[in-house]
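Here is a short report on an annotated site and a loop residue. The structure is shown first.

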Amino acid sequence: MEIRFQNSPKETSQMNTQELRNNFLLQNLMQQGSINLVYSHYDRLIIGGVVPTTNAIVLPNEDELKAKYFLERREMGIINVGGTGTVTADGVDYAIEKLECVYLAKGTQAVQFSSNDASNPAHFYILSTPAHHSYVNAKMTKAEAAPVNLGDITTSNKRTIYKYIHNDGIQSCQLVMGLTVLEDGSVWNSVPPHTHTRRMEAYFYFDVKDGHRVMHFLGEPQETRHLVVGNLEGALSAPWSMHFGCGTSNYGFIWGMAGENKEFTDMDQVAIPDLK
Ligand SMILES: O=C[C@H](O)[C@@H](O)CC(=O)C(=O)O
Ligand SMILES: [Zn+2]
C-alpha cells in the first residue's frame with residue numbers, strides 16, 4: 001500500500017508538474033489480476049482498485065493498519081466501472097454491474113472480489129475511511145441512487161449525478177460516495193468549482209475515451225494548478241483545494257469524500273471570475 005502524506009497550500013503552489021503528479025495524481029490503481037491501494041493522510045482515506053480476472057482477489061490486511069483485518073475499524077464503498085462482478089463479504093455475494101455500489105460496514109471480516117467473465121473483468125474502485133460504528137452492508141443500483149440532472153449543454157456541463165453513500169442514501173460513519181456522468185458534448189464537471197474544508201475529496205475518472213484526457217484543476221481558488229488525467233486515473237483533493245475539471249471529450253467520474261460531515265450541498269462555491 002502506497003502512503004501519501006499531506007501538502008500545505010504554500011508547498012503545493014511551488015510544485016512543478018511532476019511534483020504535482022507525485023502528490024495528487026492516482027495512477028495504476030486498476031491492474032489486471034491485482035489490488036492496488038493508496039493511503040492518503042487527508043482524513044485517512046484509502047483509495048484502491050481491484051481487477052480480478054480468472055481468480056478471486058482477497059482484500060488483504062495491511063500492516064499499516066495494525067488491525068486484525070482490514071475493516072476492523074474501517075468502512076468501505078465499492079463501485080464497479082467494468083464488467084459484471086461479485087463482491088463477497090463474510091459469505092454473502094453481492095453481484096454488481098457497471099456503476100452499481102456496495103457498502104461494507106466496520107466489522108466485515110472476509111472480503112473478496114471476482115469477475116463473472118475474465119475477458120471483460122470487473123473494475124472495482126474502492127474507498128475506505130476510519131469508522132466507529134457498524135452500519136449495515138448494502139448494495140445500491142444506479143436507478144436507486146436518485147439521479148439528479150445538473151448543468152446545461154450551452155455551458156458544456158450537462159451531467160447526471162448518482163449519490164450512493166450519503167446522508168439520505170446508504171448510511172455510513174463518514175464516507176460519502178457517488179458518481180457523475182457527462183452527456184455527449186458536455187466536458188466540464190463540478191461547475192461552479194468549490195471548496196469544502198470540512199471534507200477532503202478524491203476523484204476517479206472512467207470512460208475517458210482513447211486519445212482523450214481530463215484537465216483536472218486543484219489548488220487554492222486564487223492559486224490554481226492542473227493535472228492531465230487519463231482513463232482510470234484519479235486525483236486527490238486536499239480539504240482546502242478547489243476541484244473541477246474539463247475533458248477533451250465526455251467521461252464519467254466517481255467522487256468520494258471523508259471528514260467532518262456527510263452533506264453534499266454545503267460546498268463553498270467560487271465564482272468563476274474569482275479564480276486565478
Ligand atoms: O462535492 C461534490 C463533488 O465535488 C462532486 O460531487 C461534484 C460533481 O460531481 C459535479 O458537480 O459534477
Ligand atoms: Zn467537492
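## Annotated site

The unreviewed UniProt entry lists His 194, His 196, Glu 201 and His 243 under "binding site". These four span 50 residues in sequence, yet no two of their C-alpha atoms are more than 11.4 Å apart, so they gather at one spot. The model is predicted.

## His 194

His 194 belongs to strand 17, residues 194-195. Its C-beta has 16 C-beta neighbours inside 10 Å, so His 194 counts as partly exposed. Beyond residues up to four places away in sequence, His 194 touches Met 242, Met 267, Asp 268, Gln 269 and Val 270.

## Glu 201

Glu 201 sits in strand 18, residues 199-206. Is Glu 201 buried or exposed? Glu 201 is buried, because 25 other C-beta atoms lie within 10 Å, and the cut-off for buried is 20 or more.

Setting aside residues up to four places away in sequence, Glu 201 touches Ser 237, His 243, Trp 255, Gly 256 and Met 257. One of these, His 243, is also on the UniProt "binding site" list.

## Pro 239

Pro 239 is in the loop between strand 21 (233-237) and strand 22 (244-247). It has 18 C-beta neighbours inside 10 Å and therefore counts as partly exposed.

Which residues does Pro 239 contact, leaving aside neighbours within four places in sequence? They are Tyr 42, Thr 197, Arg 199, Met 200 and Gly 259. Asp 43 is 196 residues from Pro 239 in sequence, but the C-alpha to C-alpha distance is 8.9 Å.

How values were computed. Residues are numbered from 1 along each chain as its sequence is written. Chains are lettered from A and ligands numbered from 1 in the order in which they are written. This is a predicted model: local features need pLDDT of at least 70, side-chain atom pairs count only at pLDDT 80 or more; totals for chains, interfaces and linings use all residues. Helices (H or I, at least four residues) and strands (E, at least two) are DSSP runs, numbered from the N terminus. A residue is buried if 20 or more other C-beta atoms lie within 10 Å of its own, exposed if 12 or fewer, and partly exposed in between; C-beta atoms are placed from the backbone. Two residues are in contact if their C-beta atoms, placed from the backbone, lie within 7 Å. UniProt positions are given in the numbering used here, feature names are shortened, and annotations may be inferred rather than shown by experiment.
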